[in-house]
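I opened this notebook to record, in order, what I looked up in the model.

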Amino acid sequence: MEQLKACYENYLAEADEVLKNRTPWDGVFGIGSPSKNHPCHIRFFRAVEAWVENFVNNDPNQQLAEEAVTYILEGAEPYKNKFPYWTLFAAHGLARPLIPYVSPEYAEKTLAWYKEHCPRRERLPVHKDLFKLLKKQARA
């Protein structure tokens, strides 16, 4: 779990640095390199994806899977209306491989949380897919 948290901490530190160093014309009229396209976003996705893959391939346990899903899903909440929010929000999709390892009770509880914090109108395809997986796991 510490490695997963480190992925988020490193990304947030790097995103903060990108935000501090952007120019007033960052991305306006195609001028400059927009901070939204900075490579730190892809590095973050790859790091979390690697952590999830490693977890799934190395005897995953239910408690840690549930902690990781919670961490990934709640990671975006403090950053609503801030620079890293949409990257953290899109990272919800990286939790999909963890869903088969959570309990049905946890999946049901997480579905209720998701309905409240990720309204249908805001869901991207990855969120819809995650929602379906949680629903399926809740019925297991």
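**Entry 1, whole chain.** I began with burial and found that, of the 140 residues of the protein chain, 39% count as buried, where buried means under 20% relative accessible area, exposed means over 50% and partly exposed lies in between (1.4 Å probe, protein chains only). I note that this is a predicted model, in which local features need pLDDT of at least 70 and side-chain atom pairs count only at pLDDT 80 or more, while totals for chains, interfaces and linings use all residues. Residues are numbered from 1 along each chain as its sequence is written, and side-chain values use heavy atoms, with hydrogens and water left out.

I then listed the secondary structure, which comes to 6 helices and 0 strands; helices (H or I, at least four residues) and strands (E, at least two) are DSSP runs, numbered from the N terminus. Along its principal axes the C-alpha trace spans about 50 × 35 × 20 Å. Among contacts with a separation of 6 or more, residues 24 or more positions apart account for 76%, contact being heavy atoms within 4.5 Å.

Which residues touch the most other members of the largest nonpolar core? I found L4, Y8, V48, V69, I72 and L98, in a core of 38 residues; such a core is a set of buried Ala, Val, Leu, Ile, Met, Phe, Trp, Tyr and Cys residues joined through side-chain atoms within 4.5 Å. At least two residues of this core come from each of α1 (2–21), α2 (40–57), α3 (62–74), α4 (85–90), α5 (104–117) and α6 (125–139).

I checked the length of α2, whose 18 residues reach 26 Å from first C-alpha to last, close to the 26 Å expected at 1.5 Å a residue, the expected span being 1.5 Å times one less than the number of residues. Its buried residues are C40, H41, F44, V48, W51, V52 and F55. They cover an arc of only 110° around the axis, so they lie on the same side of α2; the arc is that of the directions from the helix axis to the C-beta atoms. R46, E53 and N57 are exposed on the other side of α2, and what covers the buried residues includes α1, α3 and α4. After α2 comes D59, with a positive phi near 50°.

I located V102 in the loop between α4 and α5; at 3% relative accessibility V102 counts as buried. Leaving aside neighbours within four places in sequence, V102 is in contact with Q62, A65, E66, V69, A107 and Q137. The C-alpha atoms of V102 and D59 are separated by 13 Å, with the two residues 43 apart along the chain.

Beyond four places in sequence, Q137 touches I99, P100, V102, S103, P104 and A107.

The axes of α5 and α6 come within 7 Å and cross at roughly 145°; axes are lines fitted to C-alpha atoms, for helices over the stretch in contact, and angles run from 0 to 180 degrees between N-to-C directions. The contact is made by residues including P104, A107, L111 and Y114 of α5 and L130, F131, L134 and Q137 of α6.
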